[in-house]
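Please open the model in the viewer and display it as a cartoon.

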Amino acid sequence: MSFETYRSQERQAKLFVDGTTKLKNVGVHHYGLACDIVRSVDGKPSWDGDFSIIGRLAKKHGLVWGGDWKTFPDAYHVQRCRMADQKALFAGTWYPSETYDPTARAETAPIRTDPDPDPDRTLEQPISEIKTLIVEKPEE
Ligand SMILES: [Zn+2]
């Protein structure tokens with residue numbers, strides 16, 4: 001079963017305190033680009049057992065699998081963002097396009113050098129607004 005997709009900053013902070021995540025303020029879940037998948041046992045979520053099938057399915061469908069992470073393996077987690085691109089995602093300077101392939105080796109996240117057009121923007125804005133801010137380059 002799909003256990004969690006979108007995650008608020010409040011919940012991310014709580015999970016950080018609980019030791020469930022290494023990311024204190026935001027994670028890829030916050031951008032609607034991640035999903036945690038667990039077993040359904042009698043209709044309830046279960047984290048027991050082998051989740052390597054999620055890794056196989058993630059690779060087949062072009063997703064990054066948390067079970068491949070060396071420092072903090074997360075076998076229940078898949079995401080549509082390379083680790084190397086997370087910094088730009090969290091900084092609000094980049095959001096994956098529809099053709100973005102997180103399994104591709106090439107660097108795909110553009111590094112923006114111009115100042116943020118809206119420094120007061122918060123992460124609580126809907127993703128559609130964040131996408132607009134990132135896709136549209138400010139006029140010079
Ligand atoms: Zn996750």
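Two residues are taken to be in contact if their C-beta atoms, placed from the backbone, lie within 7 Å. By that criterion, among contacts in the protein between residues at least 6 apart in sequence, 44% link residues at least 24 apart. The model on display is a predicted one.

**The whole chain**

Begin with the complete protein, coloured by secondary structure. Of the 140 residues in the protein, 24% are buried.

**The sheet**

Next, select strands S1, S2, S6 and S5, which form an open sheet of four strands in that order, with antiparallel pairing. Its edge strands are S1 (2–4) and S5 (64–65), each of which pairs on one side only.

S1 and S2 run antiparallel and are joined by two bridges; here Glu4 is found opposite Asp36 in S2. Moving on, S2 pairs with S6 in the antiparallel sense over three bridges. Asp36 takes part here as well, with His77 as its bridge partner in S6. Finally, S6 (residues 77–79) pairs with S5, again in the antiparallel sense, over two bridges. At this end of the sheet, select Val64 and find Gln79 of S6 opposite.

**Strand S2**

Return to S2 and show its side chains. In a regular strand, side chains alternate between the two faces of the sheet. In S2, Ala34 and Asp36 point one way, whereas Cys35 and Ile37 point the other way. Are these four residues of S2 buried or exposed? Ala34, Cys35, Asp36 and Ile37 are all buried.

**Ile37**

Why does Ile37 count as buried? A residue is classed as buried if 20 or more other C-beta atoms lie within 10 Å of its own, and Ile37 qualifies because it has 20 C-beta neighbours inside 10 Å.

Which residues does Ile37 contact, leaving aside its neighbours within four places in sequence? The contacts are Ser2, Phe3, Ile54, Tyr76 and Val78. To end the tour, display the C-alpha atoms of Ile37 and Tyr76: the two residues are 39 residues apart along the chain, yet these atoms are separated by 5.1 Å.

Notes:
Residues numbered from 1 in each chain as written. Predicted model: local features only at pLDDT ≥ 70, side-chain atom pairs only at ≥ 80, totals over all residues. Pairing = 2+ DSSP bridges. Buried ≥ 20, exposed ≤ 12 C-beta atoms within 10 Å, placed from the backbone.
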